[in-house]
Amino acid sequence: MNRCPRRCRSPLGQAARSLYQLVAGSLSPDSVEDEFELSTVCHRPEGLEQLQEQTKFTRKELQVLYRGFKNECPSGIVNEENFKQIYSQFFPQGDSSTYATFLFNAFDTNHDGSVSFEDFVAGLSVILRGTIDDRLNWAFNLYDLNKDGCITKEEMLDIMKSIYDMMGKYTYPALREEAPREHVETFFQKMDRNKDGVVTIEEFIESCQKDENIMRSMQLFDNVI
Amino acid sequence: MAAGVAAWLPFARAAAIGWMPVANCPMPLAPADKNKRQDELIVLNVSGRRFQTWRTTLERYPDTLLGSTEKEFFFNEDTKEYFFDRDPEVFRCVLNFYRTGKLHYPRYECISAYDDELAFYGILPEIIGDCCYEEYKDRKRENAERLMDDNDSENNQESMPSLSFRQTMWRAFENPHTSTLALVFYYVTGFFIAVSVITNVVETVPCGTVPGSKELPCGERYSVAFFCLDTACVMIFTVEYLLRLFAAPSRYRFIRSVMSIIDVVAIMPYYIGLVMANNEDVSGAFVTLRVFRVFRIFKFSRHSQGLRILGYTLKSCASELGFLLFSLTMAIIIFATVMFYAEKGSSASKFTSIPASFWYTIVTMTTLGYGDMVPKTIAGKIFGSICSLSGVLVIALPVPVIVSNFSRIYHQNQRADKRRAQKKARLARIRVAKTGSSNAYLHSKRNGLLNEALELTGTPEEEHMGKSTSLIESQHHHLLHCLEKTTNHEFIDEQMFEQNCMESSMQNYPSTRSPSLSSHPGLTTTCCSRRSKKTTHLPNSNLPATRLRSMQELSTIHIQGSEQPSLTTSRSSLNLKADDGLRPNCKTSQITTAIISIPTPPALTPEGESRPPPASPGPNTNIPSIASNVVKVSAL
């Protein structure tokens with residue numbers, strides 16, 4: 001229900017309106033009114049039982065998750081701005097907006113610009129309750145920005161820069177410009193088996209399974225909730 | 001981190017999955033959820049009104065009454081609820097703070113009652129949300145002013161730190177109430193200003209006749225007396241001006257200020273008159289100069305606060321006044337033209353030209369109506385009446401606007417000062433809150449290192465030093481710690497960062513070798529003093545750090561030629577060592593002797609090698625450190 005297109009359609013009407021406003025004395029654009037027609041849309045998630053079937057969370061865990069979700073997003077869906085703002089509260093020193101964007105795209109599986117509670121809980125279910133392979137798959141999906149099945153150096157560089165951005169300026173040792181790039185080189189050396197410049201999902205999973213540290217750190221997610 | 005998003009912490013921790021595959025170092029252990037009990041509802045009975053909420057909601061703020069164990073004192077065993085004998089209305093706001101993370105101030109509430117309640121529940125008023133903060137501060141300031149009314153005058157008499165003579169003089173000039181001398185000076189100048197103005201006025205009054213000539217104004221009859229009075233006044237004004245000029249903190253700014261210009265203009269005519277006393281040619285100009293003597297009346301504005309405010313508001317209303325003038329001018333020109341052409345026909349009309357009609361239009365529009373110019377034709381009379389009617393409208397309409405502008409600007413001025421004062425405090429608040437959370441992390445890191453060091457050195461009887469953090473906080477800190485591990489950089493606070501930058505730029509001077517160590521005794525200590533806390537429990541003490549470093553000095557002597565990385569080897573390795581709980585070998589090693597960097601031969605050369613090759617003969621072999629300047633080393 002956007003009144004704007006109708007208003008702008010006739011310049012004559014617009015001129016008449018502005019003349020009227022000039023005479024009547026108010027020249028300020030009434031843009032504030034338009035903002036009030038915002039999201040009265042409310043999204044309700046599916047029932048608790050269906051979510052229980054689709055995800056690996058228990059009923060109580062779903063309840064706790066939903067309460068927290070609804071607290072920050074009363075309308076039932078998160079858009080990118082909201083998402084970034086919530087995530088930035090955990091990283092006061094740096095700029096987490098880029099990484100939050102990547103996360104948002106990873107959670108928003110149907111690419112409709114918003115994350116509903118189902119998407120949210122589905123993603124969390126994989127990360128927190130999935131097998132190690134599931135988790136690695138999810139991480140690969142996060143890195144693969146254009147979702148074409150392989151990670152290029154540019155994609156990895158973007159991801160790396162966004163992670164380093166979260167550190168902020170005051171770090172020790174001081175962040176240098178080349179740090180993300182070097183880190184990407186290390187990563188590719190480790191992961192890219194056939195040295196073709198891209199990392200496919202098989203290479204990724206294989207290399208991760210061989211790396212003790214990564215395997216161990218994947219187990220950190222077992223008891224987050 | 002606002003506790004309102006505490007519920008999203010599991011999501012943030014899950015999102016860390018993106019860091020795991022790219023991290024080169026192992027991640028720290030997650031904090032254990034020691035008392036993992038199911039979330040339960042607790043009942044809070046406040047003077048009979050029952051509130052219920054989840055326990056975890058209250059635990060979001062562990063340093064308040066409801067979030068800590070302090071509420072156990074209020075637990076009623078019989079009814080299994082927490083009973084508080086306090087105001088239930090304010091408790092609603094307090095509980096909403098826990099729920100939403102924002103504290104609101106209800107306008108109907110008395111400010112001191114509200115403050116009392118907040119103090120009882122251990123909540124700082126600074127957390128009040130932006131929506132209610134201004135109101136809260138305004139009310140609080142009014143209250144404080146009410147209380148402080150008596151003490152206000154005494155504050156001015158307090159002994160200030162000894163000011164120089166010049167500064168005392170300036171203060172005396174600006175604030176006549178500071179000392180009796182200043183007050184005397186203030187009244188004396190005021191008196192002389194009044195005398196001077198009255199003299200100027202009386203000078204021109206006809207004063208009776210001197211026999212044999214026409215009526216003279218008093219100024220010429222008693223010219224000597226008036227001249228003496230004028231001289232006295234001007235002398236006083238000159239002395240005052242010179243004294244002010246001497247005492248002014250910034251003479252240039254003083255000279256440019258309005259008041260000093262008025263002073264100068266007020267006394268210049270006298271001196272100019274002295275200089276060219278009897279020169280007939282310029283006496284005409286001299287007479288005009290005397291007009292400027294009337295400016296002395298403006299000197300009263302130093303004595304009157306109201307005049308100053310009026311002047312300021314006039315200045316700030318300039319646009320409205322200008323608009324009034326402009327619209328008047330437009331109307332005058334229009335009507336003058338019309339009248340001129342309407343009266344052109346009639347004979348002996350006084351409307352000889354359009355500018356001549358201006359006078360008629362102005363007199364008519366302001367409803368003065370002198371009657372010296374009157375239209376005679378019918379058309380002229382019609383337009384004349386329209387002119388007078390419209391005059392009323394044109395003048396009457398902007399005047400209320402200007403008046404309301406005056407009051408608006410006056411109040412706005414006051415509010416602007418208030419807001420400016422608040423803004424600094426609010427920005428400081430926000431900055432403190434932001435650094436608070438990051439400082440909380442840094443602080444707990446240090447404490448965590450200390451604790452782990454204590455555990456490693458096998459002193460189990462030492463309790464946890466420092467405040468125990470809530471589960472949410474420890475989880476958040478673990479999250480930040482994982483990020484540090486992923487990027488191999490640490491969070492530090494701003495001052496350390498500045499210090500490091502300064503030191504690294506100092507270290508760039510290639511000449512120093514051995515003196516560099518002695519010339520930077522603070523270098524290692526300031527940056528490493530954080531670490532030295534672990535071993536010696538003495539914060540920031542130089543001595544233990546140098547003792548610690550004494551063995552490292554051997555190595556650092558050779559490394560100091562290069563830049564920061566050399567020191568990072570020792571420092572960061574300390575860090576990695578201390579909190580790397582995953583490495584089994586570090587159980588037995590003492591921190592004091594453990595971390596000594598063994599510089600590999602290339603690093604021994606004093607050339608500025610920016611990147612010492614990895615020296616990691618430790619147990620963790622698959623940690624390539626080419627990507628970063630951090631070098632893991634083993635214990636000796």
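How many residues lie between β1(B) and β2(B) in their hairpin, and which residue in the turn has a positive phi? Two residues lie between the strands, and S47(B) in the turn has a positive phi of about 50 degrees. The model is predicted.

## The sheet of chain B

## How the strands pair

β1(B) covers residues 41-46 and pairs with β2(B) in the antiparallel sense. Six bridges join the two. V46(B) stands opposite R49(B) in β2(B). V43(B) stands opposite Q52(B), also in β2(B).

β1(B) has another pairing, with β4(B). Strand β4 of chain B spans residues 81-84 and pairs with β1(B) in the parallel sense over three bridges. Here N45(B) has F83(B) as its bridge partner. In a regular strand, side chains alternate between the two faces of the sheet.

β4(B) also pairs with β3(B), in the antiparallel sense, over two bridges. F75(B) stands opposite Y82(B) in β4(B). These strands form a hairpin too, with four residues between them. K80(B) takes a positive phi near 55 degrees there.

## Chain B as a whole

Chain B has 636 residues, of which 40% count as buried. Its secondary structure comprises 26 helices and seven strands. Take the contacts in chain B between residues at least 6 apart in sequence: 65% of them join residues at least 24 apart.

An unreviewed UniProt entry places the feature "transmembrane region" at residues 181-202, 222-243, 255-276, 321-342 and 382-403 of chain B. What does the model show over two of these spans? Residues 255-276 of chain B are 91% helix and 0% strand, with end C-alpha atoms 26 Å apart. Residues 382-403 of chain B are 95% helix and 0% strand, with end C-alpha atoms 33 Å apart.

## Chain A and its recorded domains

For chain A, an unreviewed UniProt entry gives the feature "domain: EF-hand" at residues 95-130, 131-166 and 179-214. Residues 131-166 of chain A are 69% helix and 8% strand, and the end C-alpha atoms lie 28 Å apart. Residues 179-214 of chain A are 72% helix and 8% strand, and the end C-alpha atoms lie 21 Å apart.

D211(A) lies in the loop between α12 (201-210) and α13 (212-218) of chain A. Is D211(A) buried or exposed? D211(A) counts as buried, because its relative accessibility is 10% and the cut-off for buried is under 20%. A polar atom of the D211(A) side chain lies 2.9 Å from the backbone nitrogen of N213(A).

## Where the chains meet

The contact between the chains takes 61 residues from chain A and 67 residues from chain B. The area buried between chain A and chain B is about 5,500 Å². Carbon and sulfur atoms give 68% of that area.

Which three residues supply more than any other three of the area that chain A buries against chain B? They are F90(A), Y170(A) and Y172(A), which supply 17%.

## Y99(A), a residue touching both chains

Y99(A) lies in helix α7 of chain A, residues 97-107. Y99(A) is buried, with a relative accessible area of 0%. Leaving aside neighbours within four places in sequence, Y99(A) is in contact with residues of both chains. In chain A these are Y87(A), L142(A), S162(A), I163(A) and M166(A). In chain B they are A15(B), G18(B) and W19(B).

Two polar links run from Y99(A) to chain B. The side chain of Y99(A) reaches the backbone nitrogen of G18(B) at 3.5 Å. A polar contact of 3.3 Å joins the side chains of Y99(A) and W19(B). Within chain A, Y99(A) and Y164(A) are 65 residues apart in sequence, and their C-alpha atoms are 9.5 Å apart in space.

Terms used: Residues are numbered from 1 along each chain as its sequence is written. Chains are lettered from A and ligands numbered from 1 in the order in which they are written. This is a predicted model: local features need pLDDT of at least 70, side-chain atom pairs count only at pLDDT 80 or more; totals for chains, interfaces and linings use all residues. Side-chain values use heavy atoms; hydrogens and water are left out. Two strands pair if DSSP finds at least two bridges between them. UniProt positions are given in the numbering used here, feature names are shortened, and annotations may be inferred rather than shown by experiment. Buried means under 20% relative accessible area, exposed over 50%, partly exposed in between (1.4 Å probe, protein chains only). A polar contact is a pair of N or O atoms within 3.5 Å; within protein, one must be able to donate a hydrogen and the other to accept it, and residues adjacent in sequence count only if both atoms are side-chain atoms. Contact means heavy atoms within 4.5 Å. Buried area is the accessible area (1.4 Å probe) that two parts lose on being put together, summed over both.
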